[in-house]
Amino acid sequence: VQLNNYSTFYDDQRQNWSIMFESEKAAVDFSKQVCIAKCNSSPALDSVLCQDLLLGEGQGVEGGDSLEVAYTGWLFQNNGLGQVFDSNVNKDKLLRLKLGSGKVIKGWEEGMLGMKKGGRRFLIIPPAWAYGSQGVAARVPPDSTLVFEVEVRRVKLAKECSGSDGLSVSSRDSPAPSPVPSSDGFSSD
């Protein structure tokens, strides 16, 4: 996805194509469908599928960087988006996380690398990179593939001594990683 509602891609002959969409929403929806099609055409999903929806600005995030994120999570059902099982989009609190700290599922740790402030990304995460055979009681069935749309709202780079954006992150660590990336358990992390 490029600026001004363009999308570019290569076909199997390495021919470059561009499409211009009527709106940003149409371009974003197309990009989501491309990612879902990649998942459905893969014989076995063994890694995280990532599709940028909006690129954002600034430096890409790395392990050790702290982020504030808005997200929605769906179950991947019937070859597409199923039921929403978690979201903080219409809530007051963003999810705060430090990449590489093990506080969120492995698929997020991997799938968010390189994102920039203001960026939005679509992630399709296989069970082994999510909650595996345990699932999450009453929310995520065992062996579920998950889909997330994540948006990085704020960034504090690990190499910055003091954040100019006012994002503060405490160094308190809980002994075990929380199974669900929900804003409830992360308010002070």
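Mentor: Buried means under 20% relative accessible area, exposed means over 50%, and partly exposed is in between, with a 1.4 Å probe and the protein chains only. By that rule, buried residues make up 40% of the 189 residues in this protein. Please keep in mind that this is a predicted model, where local features need pLDDT of at least 70 and side-chain atom pairs count only at pLDDT 80 or more, while totals for chains, interfaces and linings use all residues. Residues are numbered from 1 along each chain as its sequence is written, and side-chain values use heavy atoms, with hydrogens and water left out.

Trainee: What pLDDT does the protein average?

Mentor: pLDDT is the predictor's confidence in each residue, from 0 to 100. The protein averages 84, and 83% of the residues score at least 70. Over residues 161-189, however, the pLDDT is below 50, although this stretch has 56 contacts in the model beyond near neighbours in sequence, a contact being heavy atoms within 4.5 Å.

Trainee: How many helices and strands are there in the protein?

Mentor: Helices (H or I, at least four residues) and strands (E, at least two) are DSSP runs, numbered from the N terminus. The protein has two helices and eight strands, and along the sequence they follow the pattern β-β-α-β-β-β-β-α-β-β. Among contacts between residues at least 6 apart in sequence, 62% join residues at least 24 apart.

Trainee: Which residues have the most contacts inside the largest nonpolar core?

Mentor: In soluble globular proteins, nonpolar side chains tend to be buried together. A nonpolar core is here a set of buried Ala, Val, Leu, Ile, Met, Phe, Trp, Tyr and Cys residues joined through side-chain atoms within 4.5 Å. The largest one has 28 residues, and those with the most contacts inside it are Leu67, Trp108, Met112, Ile125, Leu146, Phe148 and Val150. Strands E4 (66-77), E6 (95-98), E7 (120-125) and E8 (146-156) each supply at least two residues of this core, and the largest share, five residues, comes from E8. A second, separate core of eleven residues includes Val28, Cys39, Trp74 and Val147.

Trainee: Is Lys32 buried or exposed?

Mentor: Lys32 lies in helix H1, and it counts as buried because its relative accessibility is 14%. Leaving out residues up to four places away in sequence, Lys32 touches Leu53, Phe122 and Glu149.

Trainee: Where is Leu45 found, and which residues is it in contact with?

Mentor: Leu45 is found in the loop between helix H1 (24-41) and strand E3 (49-54), and with a relative accessible area of 23% it is partly exposed. Apart from its neighbours within four places in sequence, Leu45 is in contact with Cys39, Ile124, Pro126 and Thr145.

Trainee: How many disulfides does a search of the whole structure find?

Mentor: A disulfide is a covalent bond between the sulfur atoms of two cysteines, and the criterion used here is a pair of cysteine sulfur atoms within 2.5 Å. A search of the whole structure finds zero. For Cys35, the nearest cysteine sulfur is that of Cys50, 7.4 Å away, and Cys35 is buried, with a relative accessible area of 0%. For Cys39, the nearest cysteine sulfur is that of Cys35, 7.5 Å away, and Cys39 is buried too, with a relative accessible area of 9%.
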